[in-house]
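User: Got a model open here and I'd like to talk through it. Can you take my questions as they come?

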Amino acid sequence: TLKAELGATLQALDNTRAHLAVKENNLMEKDVSAATEWRRREAEHDIDLQRLTAEKERQNAMLAMAREREHREMIEALGHQHQQSAMAARAEADGLLKRSLAEQKELLEGDYRRELKTWA
């Protein structure tokens, strides 16, 4: 009976060893699965980061183009405003010149009439 008990104990140890080996194998598979999942998630994060970086670069480029366009439009507006101011100044000078010429003409015509009266 001692022999039978020893045999039963050895069998129980073998069963426990086999059970532990199965558990160890399951844990190793879980570790491999977890590591694979970690690598997959890390790759997804890298892709997301690249996508966000590209989007940020695109937005920065659009912002730079908008600033450049705004700057160009401001320069054009200032040029147009300067041109209009110059045209207004020319028109005012032309008006003054015409007025002055008209006044001179009136004075000359008045002088001419007086001269005619003195001769008549």
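User: Where do E68 and R72 lie, and how many residues apart are they?
Analyst: Both lie in helix 1, four residues apart, about one turn of the helix. Helices here are DSSP runs of H or I with at least four residues, strands are E runs of at least two, and numbering starts from the N terminus. Keep in mind that this is a predicted model: local features need pLDDT of at least 70 and side-chain atom pairs count only at pLDDT 80 or more, while totals for chains, interfaces and linings use all residues. Residues are numbered from 1 along each chain as its sequence is written, and side-chain values use heavy atoms, with hydrogens and water left out.

User: What do the side chains of E68 and R72 meet in?
Analyst: A salt bridge, at 3.5 Å from N to O. The cut-off is a side-chain nitrogen of Lys or Arg within 4 Å of a carboxyl oxygen of Asp or Glu. R72 is partly exposed, with 42% relative accessible area. On that scale buried is under 20%, exposed is over 50%, and partly exposed is in between, using a 1.4 Å probe and protein chains only.

User: How many salt bridges does a search of the whole structure find?
Analyst: Ten. One of them joins R41 to E37, where the closest N and O atoms are 3.0 Å apart. R41 and E37 are about one helical turn apart, because they sit four residues from each other in helix 1. R41 has a relative accessible area of 46%, so it is partly exposed; E37, at 28%, is partly exposed too.

User: Which residues are linked with R41 in a network?
Analyst: E37, R40 and E44 are linked with R41 in a network of salt bridges.

User: OK, towards the other end. Which residue does D111 form a salt bridge with?
Analyst: R114, with the closest N and O atoms 2.3 Å apart. D111 and R114 are three residues apart in helix 1, so about one helical turn separates them. D111 counts as partly exposed because its relative accessibility is 36%.

User: What about the radius of gyration?
Analyst: The chain has 51 Å, whereas a compact globule of 120 residues would be near 14 Å. That's taken over C-alpha atoms, and the globule rule is 2.2 Å times the number of residues to the power 0.38.

User: And how much of the chain is buried?
Analyst: Buried residues make up 1% of the 120 residues.

User: Which residues form the nonpolar patch on the surface?
Analyst: L6, L10 and L13, with about 290 Å² of accessible area together. Patch residues need over 30% relative accessible area and no salt bridge; nonpolar side chains (Val, Leu, Ile, Met, Phe, Trp, Tyr) are joined within 5 Å, like charges within 9 Å. L10 is in helix 1 and counts as partly exposed because its relative accessibility is 48%.

Terms used: Areas by Shrake-Rupley, 256 points an atom, 1.4 Å probe, with all protein chains shown as cover.
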